[in-house]
Amino acid sequence: MDLLSNKWIVYLALCLFVAGINCNSVENKIYVKLNYTVPCVRLLNSTHQIGCQSSLSGDVGVLHVLESEENLDFVLRNGRNPPYMVIMESSLFTRSVMMKLKNGSSRVAGVAVVEPTSNPPDGFSPHTRCPNENTGVYSENYGPGLAHCNTTKWNPLGNGLSYEEFDFPIFSMKDDNDTQLIRQCYMDHNRPMNGSDPQYPLCAMQLSSHMSAVTSTPTCMRRNSISFSMSNDMVCDPLSDQNIWAPSKPLNTTQNGHKANESVIIVSARLDSRSFFSEIGPGAESAASGLITLLAAAHALRNATQDAQLDRTIFYTFFHGETFDYIGSSKMVYDMEKNQFPIDLDNVHSVLEIGQVGLHSSSNLWLHTDPVSMRNSSIQEEVKNLIANLKSAAAGLNVSVTEPGVTQPLPPSSFQRFLRARPFPGVVIEDYNSSFSNKYFQSMFDNADSLNVLYPPNLTPEEQLNHVTNTAKSLAEVATTVARALFIQAGGEKTQISSIKADELMVSRMLYSFLISSNNSWTQEIVGLKDVVHLNNNTVNFYISVEQQASLPTILVKYLLANLTGTAVNVTQENCKNQKESEDDKESKHLYNYFWVPGAAPPNSTERDGFCVRSTVHWSRAISPAFLMENYTTSEYSTWTESRWKEIKGRIFLVASHDLEMLTLGVGIGVLLSSLLLTYIMSSKADILFSSGREPTSATY
């Protein structure tokens, strides 16, 4: 009996296994999964939610390829098979089209935007015309006439799409085999012929991007606290990452607060950008141009700051999350005010910020200052000195520096968060006067092409990495100007600045690493072994995301800054990892950070000669103080969060007509009822149907 039971168990398991295989096989025959889909996700702040989402099980619609804006009538009014899943080229991804689809969302199941192979010549920016207008320094209490971009619209091409809420999913798709398959499916099944409606079956698409958080940050954080007490099922996370900073000379970082007799020049750039789609944030002009310039300037100053006895310390700083109401800079200022940072605001002498410096149309840099703080005579004098130093530094170079000829506010910049704390002398360097020269601000088109990072044809990846582009030459000139000005501002002699020059090849390699491919022979030499796995063959995504691990821009900047400003030291790998130069060393970890990097591989060998880099590079948390104070309704700080989600996917399939579906359902219900009736009859007549004649008990043989 036991043997028989075991056989039945084996047979049952085998049947279930075969059934599972058949189910997968059937699913693959019905659905075609889309391999590369990037969603628009939901973000929330203290009052609103923006972005996109699908229903819990995903939204399904009949495919329609939008050929022109006039063709919208088919989707919104005339088509007989709604809801529709609209496929469009990026040229149709405009505010006009998207708002029409939003207003007719009962007939729209979702939108898929095909990534272009070239940028739109007229520009495109889904950001607002006045970025970060409510969290900068200008308000009713500080320069009210300059608040809310009253005097200038910094981003005139901004259409605000990134700050709209859509109740259907919107995905970006590469123009590859998946897109060709979708188009072919549409042509074969859905395209109207000779004015007549297409016949079933029709080609349909399902997009799934259900977001867990709703309404606002206060609501989702309240749900987080409830969920955390009952389970670990959170619904949203604060946008956060890391700020990277490095003083030009060692400072004791274990002792926070004021440093006596220490005067600091903060030179900064932003570490982040974004676009409408969360995983596509190339940020070539809006982020990469500034941070690469700052890295190149820091490299040019390495020897000069070590050899000269300077009066002031240069503080190289990279702020993260500036796109979302200045997350990184507001956190650093907050820490300085609370004596939770190695220096405080009293140590800050002046601020120099490097913004968008791609130099699109000319070789002119604009020096922006704050007209309100300059009403103070001492501030005005220091600002004039800084501007004079920048002009002296640019002498003899292929760039010119100019001040705006009219009174206007500072452009969107981290410096504004310092001014909210107190007046400081400061200058923001940009490549524009009164509005962005970047036609693709905070969009997926702010890429290598928009920055004119171009390579001759037929170059190998290694040759592209080491090819000095015209853009690299321009940024090297800007970096040289910045480095020389900082040297003078820190107390260095003007007669010594001629030897300070940015490395064009280094700039070109950084452009390639951020804008083309982060996984290359150069980055493999300088990025630590535990982080080298994050390198990939794509453009770096500058979106800040949430604090689960450091983003790729943070990792790259951390190692680049360490290698470009630090020193290789003869230290064992074990001591390097333990942050000390010898077994008895207990002081160095308070002043330096140590990085063990792979180094270059010798010829004909796969084993790399690793070494230890000692640098002053440090990092601190870049998260809005609102989340530290648990004040999610504040207007003082950023309150941006990102919703969590379960699954992101897209697939296409053929769908039958509604009548056929109803007929199939009806037949199925009929078969079910018939089976139940037959089972009932057989059960009630079981004694008759299954009885067998019995022999009399008196029968004998």
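**Strands, cores and aromatic pairs**

Q: Which strand do four bridges join to strand β5?
A: Strands here are DSSP runs of E at least two residues long, and helices are runs of H or I of at least four, numbered from the N terminus. Strand β5 covers residues 59–66 and runs antiparallel to its partner, and two strands pair if DSSP finds at least two bridges between them. The strand joined to β5 by four bridges is β10, residues 202–208.

Q: What kind of model is this, and how are its residues numbered?
A: Residues are numbered from 1 along each chain as its sequence is written, and side-chain values use heavy atoms, with hydrogens and water left out. Local features need pLDDT of at least 70 and side-chain atom pairs count only at pLDDT 80 or more, while totals for chains, interfaces and linings use all residues, since the model is predicted.

Q: Which residue of β10 is the bridge partner of valine 62?
A: Four bridges connect β5 with the antiparallel β10. In β10, the partner of valine 62 is alanine 204.

Q: Which strands stand at the edges of the open sheet?
A: The sheet has eight strands in the order β1-β24-β10-β5-β6-β7-β9-β2, with mixed pairing. Two of them have a single partner strand each, so one side of each is left without a neighbour in the sheet. These edge strands are β1 (32–33) and β2 (37–39).

Q: Which residues touch the most other members of the largest nonpolar core?
A: A nonpolar core is a set of buried Ala, Val, Leu, Ile, Met, Phe, Trp, Tyr and Cys residues joined through side-chain atoms within 4.5 Å. The largest one has 89 residues, and the members touching the most others are Leu291, Phe318, Met510 and Phe514.

Q: Is the ring pair of tyrosine 163 and tryptophan 640 stacked or edge-to-face?
A: Rings of Phe, Tyr and Trp (its six-membered ring) pair if their centres lie within 6.5 Å, and planes under 30 degrees apart count as stacked, over 60 as edge-to-face and the rest as tilted. The centres of these two rings are 6.1 Å apart and their planes stand at 65°, so the pair is edge-to-face.

Q: Is tryptophan 640 buried or exposed?
A: Buried means under 20% relative accessible area, exposed over 50%, and partly exposed in between (1.4 Å probe, protein chains only). Tyrosine 163, at 24%, counts as partly exposed. Tryptophan 640 has a relative accessibility of 5%, and therefore counts as buried.
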